[in-house]
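This report looks at how the parts of one protein chain meet. Please view the sequence and the model first.

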Amino acid sequence: MHSTALLNEADRLMTVCNSCRYCEGLCAVFPAMEMRRAFADGDLNYLANLCHACGACYTDCQFSPPHEFNVNVPATLAALRAESWAAYAWPRALSSLFARNGVAISIIAAVSVVVFIYGFAAFNDPQVLRGIHTGPGAFYVLMPHNAMAALFGAAFLYAIQALAMGLRAFWRDIGEPTGTLTNPPSLWQAMKDAGRLRYLDGGGVGCFNEDERPTDRRRVYHHLTFYGFLLCFASTCVATLYHYLLAREAPYAWWDLPVVLGTLGGIGLVVGPIGLLMEKAKRDTALMDTGSSGMDAAFTLMLFLTGVTGLALLVWRETSAMGPLLALHLGVVFALFITMPYGKFVHGLYRFAALVRYARERRMMAE
Ligand code: SF4
Ligand code: SF4
């Protein structure tokens, strides 16, 4: 017996699959499963986080409903993933609160910061909010750079701390030695697999969504979102280096590196999340864990709003709309940071860690 009903169900399915093995070429889950004869809680959580939810094993399965074996690997592993994320979250109480009210909490957090920044500016100089500000340092008339850096630095450090605690809990649960996470060949293999979403392709044909015709749309939209996020992060890092190393203050010209990276990333963060939400709306609900859609929707929404508000700020930064748009963008980014450890963002972290372990296991099998 396992500690939860979902773990029991996942154990039942993996036992059936381990006898059948028809799906072993579809993804990493089945080869990892075949390396085991029995499944501890941590093994099942590892397999759940290795699954990319492509849906192929449901469509291909001769035992999927209405068969009496009722084998539904994608939906069961999706629900187990969400359960594991809640168990690993730090502090855990915030996770269950967020799972129930993710969208509301994200919006309240964003609005609170917008109000704070607006109040801060209005208290110092109300004219700042209505004026047109251009040239180096224009953004900091709303809020001094040091205050902005302190506010966002604190939110970022909190997110890093909470994510690191979650990763530690996952790593302990699956019983993997700490050294694997710093093992270069395993890390490199996992980076290659995660970077091209190797296991979101249904064994080479694409994802299954609304019907039994696979497509690559989810992978394309996921790539746009993921690389959009990375480009925006790179833009912020380069702008920070400009500020502290080169004493160059934002905003920068449209051709300058932080703006180019931020613009490309912003486009990815608008198109990718819209595409993912559209695909999700069309997807066969039998393939999904509908119970955790709040976490999912909140993260996708915040990514989309980050992209939209960033691009709007770029377009209207030399008008009187700059103040409100900057406050809005900062509010959304702040909310994204502090909700990241409790929303769908964590799937990237745990899935990557699972891929590192899988790469290590594959190498050991080959030796
Ligand atoms: S999902 Fe179905 S077809 Fe695939 S391995 Fe499991 S039991 Fe076999
Ligand atoms: S849904 Fe796709 S990734 Fe997940 S176990 Fe099935 S085939 Fe593998």
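## Division of the chain

The chain falls into two parts, domain 1 (5-86) and domain 2 (90-366). The model is a predicted one. Between the C-alpha centres of domain 1 and domain 2 the distance is 29 Å.

## Extent of the interface

On the side of domain 1, 31 residues are in contact with domain 2, which contributes 34 residues. The size of an interface is often expressed as the accessible area lost when the parts come together. For domain 1 and domain 2 the buried area is about 2,800 Å², and carbon and sulfur atoms account for 64% of it. Within domain 1, the residues that lose the most area to domain 2 are Tyr-46, His-52 and Trp-85; together they make up 28% of what that side buries.

## Polar links

One salt bridge is counted between domain 1 and domain 2. Arg-36 forms a salt bridge with Glu-361, and their closest N and O atoms are 2.5 Å apart. Eleven residue pairs are in polar contact between domain 1 and domain 2, with both residues at pLDDT 80 or more.

## The domain 1 side

Which helices each supply at least two residues of the side of domain 1 that touches domain 2? They are α2 (29-34), α3 (41-50), α4 (56-59) and α5 (73-88). The most comes from α5, which gives eight residues to this side.

Sorted by class, the side of domain 1 that touches domain 2 consists of 20 nonpolar, eight polar and three charged residues.

How values were computed
Residues are numbered from 1 along each chain as its sequence is written. Chains are lettered from A and ligands numbered from 1 in the order in which they are written. This is a predicted model: local features need pLDDT of at least 70, side-chain atom pairs count only at pLDDT 80 or more; totals for chains, interfaces and linings use all residues. Side-chain values use heavy atoms; hydrogens and water are left out. Domain bounds come from an automatic or database domain assignment. Contact means heavy atoms within 4.5 Å. Buried area is the accessible area (1.4 Å probe) that two parts lose on being put together, summed over both. A salt bridge is a side-chain nitrogen of Lys or Arg within 4 Å of a carboxyl oxygen of Asp or Glu. A polar contact is a pair of N or O atoms within 3.5 Å; within protein, one must be able to donate a hydrogen and the other to accept it, and residues adjacent in sequence count only if both atoms are side-chain atoms. Helices (H or I, at least four residues) and strands (E, at least two) are DSSP runs, numbered from the N terminus. Ala, Val, Leu, Ile, Met, Phe, Trp, Tyr, Cys and Pro count as nonpolar, Asp, Glu, Lys and Arg as charged, and the others, Gly among them, as polar.
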